[in-house]
Amino acid sequence: MVRRNEGISRRGALIAAGAAIGVGVLGQPPRAGTIRRPATVGAVGAGQRAELAERAIVARHVRSLWGVPRRSLGALVWPAAPVEQSFGRWCYWWQAHLVDCAIDAAHRDPTPARKDRVAALALGIRTRNVTGWTNRYYDDMAWLALALERADRLLDIRFGHAVDDLRSALLDGWNAELGAIPWRAGDGYYNTPAVGPAGIALARLGDLTRARRLADFLHTRLRDPVSGVTLDGVHEPDGRVDRTVHTYCQGVAIGLETELAVRTGDAAHRDRAAALVAATGTELTDGGVILAAAANDSGLFMGVLARYLAETALALGDTTAAAIVHASARAAWEHRAEVDGLPLFGMDWTRPIAEVRYPSSLLHLEGPETASAANLSRDLSVQLSAWMLLEADHQLTAAGR
């Protein structure tokens, strides 16, 4: 199925946005119900868990964009104030991962409604971004390129020249001397969250030479020789390394080595992927469950790792990777809460969400102490992480891994 990208002018988008925000400000903030621990009603299969996570996020977060037909985005928090429902704040990479999760769901159960949702969310990004598919952040663009390539390959949904535009933009940042792509245009910081997904995208688009150089950059410049994990990034030209360790950095490094192992047949990439999985299991899990991140941007980190662990388990038969995904999915599900019968996931999959009644005023919804004590987050990123995890768990389960 081919979906044509029907553009909207910058002036039209701004007028629509202004109208939506103006109407939204006059509305009443939504109220949330009681967050409860779920009643035990027997075993729920992996596919059903993924579907319930999908239903929860669609119901709470996905909204029409500015009243423009066939354009949707995810509100960044729930419950959302009018300005959030009008998408006054913009987070490109969260929306790219929302598209990717919607693709997972449509691939799991390819209904017309799910395919339409993928198209609407992707076109929502194009419309809200106003100036095109691209921006100045190479990590953002790599995430969207991955999602749109999957939409084409798995669902036969295409968006004109979108993937070509994103690929060209990534190559604009290519530093031939380093064999790497920076975090953003004009910046000297070369980090794993940009290099990793850009490498996976380029490998899937047939540019194996650059993809291998990006993998080598991560392996030689950013792998910690003691722990075996991948560090965050390096500042050039002084070579100062940021030694922060994030779960999603391991995910994209594993994903890139896996992609190259499959596409080149080179055992070195298979060995690197296995070593990264082993280091991740040792350094970044608690009882086999992926370690917690905080809310906001880091809320996506755990799910990104789960996605690429599942891919290496499927492609390379890595049983450690599969075990981490399965253990994390069981923990996230067992420790969830429910609102109106749909799951709500915490930032830490190893501990339960406490029962909390939100105050009626959105402005006093939760403070840092309450959120920390209850293991709660209003952020779309945290809920997407769990959805991504449960889709990964379903894919492994369906494949008998």
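Me: What share of the contacts in the protein with a separation of 6 or more comes from residues 24 or more positions apart? After that, please look closely at the place where helix α6 meets helix α7.

Reply: Please keep in mind throughout that this is a predicted model. Residues 24 or more positions apart account for 71% of the contacts in the protein with a separation of 6 or more. The protein has 401 residues, of which 57% count as buried, and its secondary structure comes to 15 helices and 11 strands.

Now to the pair of helices. Helix α6 covers residues 138–155 and helix α7 covers residues 162–172, and their axes come within 9 Å of each other while crossing at roughly 150°. Angles over 145 degrees count as roughly antiparallel, and α6 and α7 are therefore roughly antiparallel to each other. The crossing in which α6 passes α7 is left-handed. On the α6 side, the residues that take part are Y138, M141, A142, L144, A145, L148 and E149, and they meet A162, V163, L166, A169, L170 and D172 on the α7 side. Sorted by class, this contact has 11 nonpolar residues and two charged ones, with no polar residue in it.

Three strands form an open sheet in the order β4-β5-β6, and their pairing is antiparallel. Strands β4 (189–191) and β6 (240–242) stand at the edges with a single partner strand each, so one side of each of them is left without a neighbour in the sheet. On average, and with direction ignored, neighbouring strands of this sheet are turned by 20° against each other. Strand β5, residues 233–235, pairs with β6 in the antiparallel sense over three bridges, and H235 stands opposite R240 in β6.

With a relative accessible area of 31%, R212 is partly exposed, a term used for values between 20% and 50%. If its neighbours within four places in sequence are left aside, R212 is in contact with L260, T264, D266 and H269. R212 and L202 are 10 residues apart in sequence, and from C-alpha to C-alpha they are 9.5 Å apart in space.

Terms used: Residues are numbered from 1 along each chain as its sequence is written. This is a predicted model: local features need pLDDT of at least 70, side-chain atom pairs count only at pLDDT 80 or more; totals for chains, interfaces and linings use all residues. Side-chain values use heavy atoms; hydrogens and water are left out. Axes are lines fitted to C-alpha atoms, for helices over the stretch in contact, and angles run from 0 to 180 degrees between N-to-C directions. Helices (H or I, at least four residues) and strands (E, at least two) are DSSP runs, numbered from the N terminus. Angles under 35 degrees count as roughly parallel, over 145 as roughly antiparallel, 65 to 115 as roughly perpendicular and the rest as oblique. A crossing is left-handed if the near helix is turned anticlockwise from the far one by less than a right angle, and right-handed if clockwise. Contact means heavy atoms within 4.5 Å. Ala, Val, Leu, Ile, Met, Phe, Trp, Tyr, Cys and Pro count as nonpolar, Asp, Glu, Lys and Arg as charged, and the others, Gly among them, as polar. Two strands pair if DSSP finds at least two bridges between them. Buried means under 20% relative accessible area, exposed over 50%, partly exposed in between (1.4 Å probe, protein chains only).
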